[in-house]
Amino acid sequence: EKKFATQREVLELRTQPLDCSRPYLEEISKFSGCIPNQCGRFVSDKIVSPAEAGILLDLARAGFELGQSSGGASILDLHSGALSKGTQFVNVYRLPEAKKLFTNQHINVYRHVKAKVQQAVADNFRLNVDALHLTHPTFFSRLTNATAKTIHDEYWQEHVDKETYSSFHFTTLLYLTDYGKDFTGGRFVFIDNEGKHNRTLVYIEPKRARVSGFTSGAENMHHVEQVTGGVRYAITISFTCDREMAMADPKFTLDDEEDVEDGGTREGRAAEP
């Protein structure tokens, strides 16, 4: 067991290089300007300010007042409008109350933070920042110790992002609340496999405004510990090298033809918190 980043630390930058998994390297080698000098992971408390994280936390809390999963894992995707409600999703942009949610300050901070995180990924993996594109899903998460009602609430399952979401090449998380203060449990855990029976667990303790980033291949298998108390808020911001899988910043409104299924069952695997 190793601690990659504790809640008490204030980290300028901590990195851990890793060998890329072969399938990841084979795929990403197609994308000029987007091939990492080395796979790995990083964490920093200096990319996003606590004030910016506070504004995004206010936005997340307001959004989740309009809907939450009946289990322990709720998501709010400002790009598609998907918001957990019970065991389903609703479209937040179809809710009259949502019009009051998104102020110019929220919109500007969200876009500014996304751009800073994108630059940090490019810097850490030595990429051309313009070769990186925001991809789906990118979303807020709210985790509690409520009993899971569907498989989508089981956020503690071990997984590889690239196997869950084929468009992912780089995954980042921005934490909005503090481990040990706002919630207990809920640490982010990398699982480093060194042979069949030799696994090392590498922990990140969430801290408000902390950013972690990693290559999305099998070199970074991970899960989130079950939250045992309180509420854990974070944003997953995901990037692809494939321009065809890119998506624009959220408009914070939705045209009729872009509607998502209102009240449809929650499809696919639970989003990564």
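**Rings, charges and one threonine**

I began with a charge over a ring: arginine 187 lies over the face of tyrosine 203, at 3.9 Å from the ring centre, where the rule asks for NZ of Lys or CZ of Arg within 6 Å of the ring centre and within 35 degrees of the ring normal. I noted that this is a predicted model, in which local features need pLDDT of at least 70, side-chain atom pairs count only at pLDDT 80 or more, and totals for chains, interfaces and linings use all residues. Residues are numbered from 1 along each chain as its sequence is written, and side-chain values use heavy atoms, with hydrogens and water left out.

I then looked up phenylalanine 190, and found the charged end of arginine 41 over its ring, 3.9 Å from the centre.

Next I counted ring pairs, taking rings of Phe, Tyr and Trp (its six-membered ring) with centres within 6.5 Å, called stacked under 30 degrees between planes, edge-to-face over 60 and tilted for the rest; the count comes to 10 aromatic pairs. Tyrosine 179 and phenylalanine 183 are edge-to-face, because their ring centres are 6.3 Å apart and their planes stand at 65°. Phenylalanine 183 is buried at 2% relative accessibility, buried meaning under 20% relative accessible area, exposed over 50% and partly exposed in between (1.4 Å probe, protein chains only), whereas tyrosine 179 is partly exposed at 21%.

Last, I checked threonine 200, which counts as buried at 12% relative accessibility.
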